[in-house]
Amino acid sequence: MKRVISLLLTLLMLAACLTGCGNETNQKTPDAPNNSSSANDPATTPDAPSDELEGEITFWHSFTQGPRLETIQAAADAFMKDHPKVKINIETYSWADFYTKWTTGLASGNVPDMSTAQAGQVVEMINADAIIPLDGLIDRIGRDRFYESPIQEMTYADGNCYAVPIYSHAFVMWYRQDLLDKYNLAVPTTWEEFNTAATTITQGENGEVYGCSVPMGTNDLYATCFLDTYVGSAGESLLTKDRKANLTSETALAGIQYWVDMYKNNSPADSINYNTLDQATLYYQGKNAFDFNSGFHISGVEANRPDLMDSIACAPVPTVNKGDQPDYIVNNMPLVVWKNSEHPEICEAFIEYFYQPDIYIPFLHSVPVGMLPALKEITEDPAFLADPTIQKYQESMEVISNALSYGTYIGMEYGPCVEAGILANQRVIENMFQDIVLNGTPVEEAAKAAEDQLNDLFASVS
């Protein structure tokens with residue numbers, strides 16, 4: 001009954017994405033090598049003939065931007081050349097469309113053989129009994145080659161790991177150094193300093209540049225991200241240890257009020273309906289002094305305002321108390337294999353093939369600094385470090401890399417759970433912010449109603 005109820009719930013959920021969005025710098029993708037390792041079927045050895053694998057699979061991914069899409073297709077083409085009896089059909093969906101498509105497709109069986117996912121979605125997929133464990137694949141690739149945190153995040157209560165991470169990024173504070181210099185401001189380290197800096201720039205720029213837009217659109221999870229960033233910086237989570245919603249603690253209420261005030265004082269009115277791309281575009285175009293997102297911001301600025309490339313940088317997120325260790329939203333992006341696949345051995349073989357440096361590094365370089373390696377050795381690989389953008393933004397990459405050590409996906413501070421997926425995907429917090437701003441509902445009243453609504457949703461899958 002638990003799975004049935006969970007399945008019905010997921011069918012109602014909207015799509016979300018945490019990933020940074022935007023245009024990317026086109027880079028030529030080198031021809032993929034033809035020296036792939038064998039299929040991951042237990043009967044297959046590294047010396048088996050290339051035609052050992054046979055069958056057709058469908059691969060859904062959400063890398064809609066040109067360079068990433070091209071590197072994925074190049075990898076599939078090279079794999080099919082090595083395995084002529086294999087056909088890989090690639091279908092590309094935005095993160096929002098992907099979520100809707102797989103949740104609605106479960107009932108009819110219209111799901112792929114393998115796909116990308118987000119960490120919060122993986123636990124929902126597990127809860128719906130939709131994907132298979134991949135521990136055998138991880139061990140064949142080399143478990144100790146992966147960073148531990150992503151593997152732990154994708155390991156469920158039954159002890160099995162259901163996804164393989166392909167890259168990571170973290171939610172850090174991006175700023176415009178030229179604007180800080182113009183107004184003699186230091187990089188903020190506390191939320192009080194952040195408010196002062198944002199307000200100073202908003203007032204000084206007379207509406208030409210906003211200090212920090214606050215996105216509250218209900219077709220995205222960005223308002224949840226902003227609130228989680230504030231609450232996490234004070235050592236709390238939007239979920240308690242017993243997996244209840246935490247919106248009415250003193251810290252959570254202060255965070256809600258903080259972002260409501262920031263919206264009123266430092267945002268365009270339209271940001272009440274902004275999603276991730278709307279918000280990011282303001283920074284890409286030089287119209288937002290601060291933003292919270294991943295290294296994808298570099299390629300976005302390069303495509304829109306290359307004249308600002310020497311003025312952008314990132315720093316740790318502010319904290320409530322000066323000197324505290326920030327907590328971060330981290331997204332470890334994985335690949336999963338669906339339970340209904342007739343050829344999981346092909347899916348696993350292709351995933352293993354993808355980690356070859358001559359394929360994997362060009363994929364990471366398609367959004368340099370935006371996608372950090374899931375494999376430890378790639379981080380120090382000279383070929384990876386040779387990218388000009390990585391060299392130029394080495395300090396920013398170090399900030400993001402450090403954040404990966406201190407953060408988790410939203411709501412997963414105490415381990416992976418389906419409640420984290422509900423928290424991120426149900427838009428309860430976004431609706432709460434809109435209720436406060438548009439209807440004038442008191443913060444305490446709106447927070448209590450949202451907390452109760454989330455706990456009711458959690459109870460339906462417990």
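Predicted model: local features only at pLDDT ≥ 70, side-chain atom pairs only at ≥ 80, totals over all residues.

Modeller: Residues are numbered from 1 along each chain as its sequence is written, and side-chain values use heavy atoms, with hydrogens and water left out.

Colleague: Why is Thr-251 called buried?

Modeller: Buried means under 20% relative accessible area, exposed means over 50%, and partly exposed lies in between, using a 1.4 Å probe and protein chains only. Thr-251 has a relative accessibility of 17%, so it counts as buried.

Colleague: What makes the link between Thr-251 and Glu-236 a polar contact?

Modeller: The term requires a pair of N or O atoms within 3.5 Å; within protein, one must be able to donate a hydrogen and the other to accept it, and residues adjacent in sequence count only if both atoms are side-chain atoms. The side chains of Thr-251 and Glu-236 are joined at 2.9 Å, and Thr-251 itself is found in helix α10 (residues 250-266).

Colleague: Why is the pair of Tyr-99 and Trp-102 called edge-to-face?

Modeller: Rings of Phe, Tyr and Trp (its six-membered ring) pair if their centres lie within 6.5 Å, and planes under 30 degrees apart count as stacked, over 60 as edge-to-face and the rest as tilted. The structure holds 30 aromatic pairs. For Tyr-99 and Trp-102 the centres are 5.6 Å apart and the planes stand at 80 degrees, so the pair is edge-to-face. Tyr-99 is buried, at a relative accessible area of 0%, and Trp-102 is buried with a value of 0% as well.

Colleague: What kind of aromatic pair do Phe-194 and Phe-292 form?

Modeller: Phe-194 and Phe-292 form a tilted pair, with 5.3 Å from centre to centre and 45 degrees between the planes. This pair links distant parts of the chain, with Phe-194 in helix α8 (residues 191-205) and Phe-292 in strand β6 (residues 290-293), 98 residues apart. Phe-194 is buried at 0% relative accessible area, and Phe-292 is buried at 1%.

Colleague: How many disulfides does a search of the whole structure find?

Modeller: A disulfide is a pair of cysteine sulfur atoms within 2.5 Å, and a search of the whole structure finds zero disulfides. Among the cysteines, Cys-212 is buried, with a relative accessible area of 0%, and Cys-347 counts as buried at 0% too.

Key:
Helix = DSSP H or I, 4+ residues; strand = E, 2+ residues; numbered from the N terminus.
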